[in-house]
Amino acid sequence: MSATDSKSDEPRAAFGRSVRPAQNLVGSIRSTDAALRERTFVGMHQHRRRWFDFIWLIYSVFFFIQPVERNSRPYWVQFAVVYVVFLALYVGVIYARSRRTAYLFLAGLAVLGVWYFPINLSASGIVVYVVALAPFVTDSLAVCIGIFISISGALIAEGLLLHVNPWAWGFPLFICLAVGSANTVAAQRMRANQKLSLAQEEIEHLAKVAERERIARDLHDVLGHTLSLVVLKSELAGKLLDHNPERAGKEIHEVEQIARTALAEVREAIRGYRAEGLAAELDRARATLDAAGVTLDCASSAPKMLPAQETVLSLIVREAVTNIVRHAHASHCHISLEQRGRQIVLGIEDDGRGGIRQEGNGLRGMRERVESIEGRFHILSENGTRLVIEVPA
């Protein structure tokens with residue numbers, strides 16, 4: 001068998017990463033988690049309806065209650081400056097491009113609300129905006145709770161130290177807790193839906209990659225084997241053409257039959273069907289090796305096995321025989337198939353050059369097929385090459 005085979009390019013997955021297709025559900029979940037960790041901050045806008053976030057500014061109308069009651073120009077001027085700063089910080093949170101920037105604008109809102117609360121009690125709603133926006137800025141529940149506790153502690157401290165009417169700080173405190181809790185639940189639910197959507201995309205992508213690799217392996221195994229046989233028989237027909245035209249015609253006829261069979265096998269491979277079974281594959285292996293001048297010694301006790309196992313072992317026999325014909329320079333091949341306890345063991349051995357140092361496409365495809373049915377694949381290539389495949393009985 002060949003000591004070197006060309007490597008295929010690694011498939012590219014979603015999110016710009018290079019991945020191998022998941023072997024199982026755990027692999028798919030790990031791959032999805034890695035993709036989610038690579039996501040960048042998207043801030044308040046998982047959607048494009050940014051105008052929707054400005055609807056909530058209607059609640060800032062309560063900020064005007066105390067300025068209207070006082071009806072003082074300096075007070076109105078001060079309120080106007082604070083309100084403009086509030087709007088700027090609110091817009092900053094909405095349009096922040098990074099989590100750090102959003103945190104800075106959010107901290108600015110918190111400082112503004114705590115500072116302005118004793119001056120304008122009706123503007124206590126600024127801190128309500130802080131706890132309302134926080135769950136959409138951070139993914140961390142601990143950070144959200146920390147912000148809620150900090151804002152609540154600041155309101156309570158200001159109310160007690162400045163002897164503010166308990167209703168003046170108790171009511172916004174209640175609103176903070178209610179709005180903060182509701183928005184935390186809504187934000188976590190929104191993120192869960194986004195993670196589910198991303199996980200589905202990742203699984204769909206990996207399924208496509210796995211299917212492409214399966215088709216590639218099938219085409220490699222089917223066409224590699226049959227085309228090698230076509231080449232061998234064509235060369236033999238060419239050599240026989242002058243002194244044994246009758247035998248040459250027979251070989252050419254077999255080439256035609258092999259080509260037709262190959263066409264049918266390609267169609268079957270694309271559909272994922274394998275109907276002929278291991279016995280037919282062993283007969284085909286005997287014919288192929290005989291045409292290549294390799295003696296086949298086959299010892300098979302024909303153990304019972306699942307259709308999926310028979311398909312995998314059939315394809316491995318086909319690929320192994322193709323490699324022997326192409327690369328091994330062997331004169332003898334021994335194939336054994338038997339059941340040992342709870343294991344079905346397939347052995348394929350040749351007396352060729354051996355010396356496999358690296359698995360190429362063919363050997364890697366064999367290993368992946370065996371592992372897909374929870375089997376084990378071993379290669380020994382010191383004197384010739386020996387493949388040992390163990391699958392559960």
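Predicted model: local features only at pLDDT ≥ 70, side-chain atom pairs only at ≥ 80, totals over all residues.
**Overall fold**

The protein has 393 residues, and 44% of them count as buried. Twelve helices and five strands make up its secondary structure elements. The accessible surface is about 21,600 Å². Carbon and sulfur atoms contribute 60% of that surface.

Cys-144 has a relative accessible area of 1%, so it is buried. Cys-176 is at 3%, so it also counts as buried.

**Annotated spans**

An unreviewed UniProt entry carries the annotation "transmembrane region" for residues 51–68, 75–96, 126–155 and 167–186. Two of these spans can be described from the model. Residues 51–68 are 44% helix and 0% strand. Their end C-alpha atoms are 28 Å apart. Residues 126–155 are 90% helix, again with 0% strand. Here the end C-alpha atoms lie 12 Å apart.

**Salt bridges**

Side chains of opposite charge can pair when their charged atoms come close. The structure holds eleven salt bridges.

| Pair | N to O distance |
|---|---|
| Lys-233 and Glu-251 | 3.2 Å |
| Glu-281 and Arg-318 | 2.8 Å |
| Arg-376 and Glu-390 | 2.8 Å |

Take Lys-233 and Glu-251, whose side chains meet in a salt bridge. This pair links distant parts of the chain, 18 residues apart. Lys-233 sits in helix α8, residues 166–240. Glu-251 sits in helix α9, residues 245–271.

Next come Glu-281 and Arg-318, with their closest N and O atoms 2.8 Å apart. They too link distant parts of the chain, at 37 residues apart. Glu-281 belongs to helix α10, residues 277–291. Arg-318 belongs to helix α11, residues 307–328. Both residues are buried.

The pair of Arg-376 and Glu-390 forms a salt bridge at 2.8 Å, N to O. Here strands are joined: Arg-376 is in strand β4, residues 376–380, and Glu-390 is in strand β5, residues 385–392. The two residues are 14 residues apart, and the pair links distant parts of the chain. How do their accessibilities compare with the cut-offs? Buried means under 20% relative accessible area, and exposed means over 50%. Arg-376 has 49%, so it is partly exposed. Glu-390 has 17%, so it counts as buried.

Asn-323 lies in helix α11. Its relative accessible area is 5%, so Asn-323 is buried. Which separation does it have from Ser-228, in sequence and in space? Asn-323 and Ser-228 are 95 residues apart in sequence. In space, their C-alpha atoms are 9.5 Å apart.

Conventions. Residues numbered from 1 in each chain as written. Heavy atoms only, no water. UniProt positions renumbered as here; feature names shortened; annotations may be inferred. Helix = DSSP H or I, 4+ residues; strand = E, 2+ residues; numbered from the N terminus. Buried < 20%, exposed > 50% of the residue type's maximum accessible area, 1.4 Å probe, protein only. Areas by Shrake-Rupley, 256 points an atom, 1.4 Å probe, with all protein chains shown as cover. Salt bridge = Lys/Arg side-chain N within 4 Å of Asp/Glu carboxyl O.
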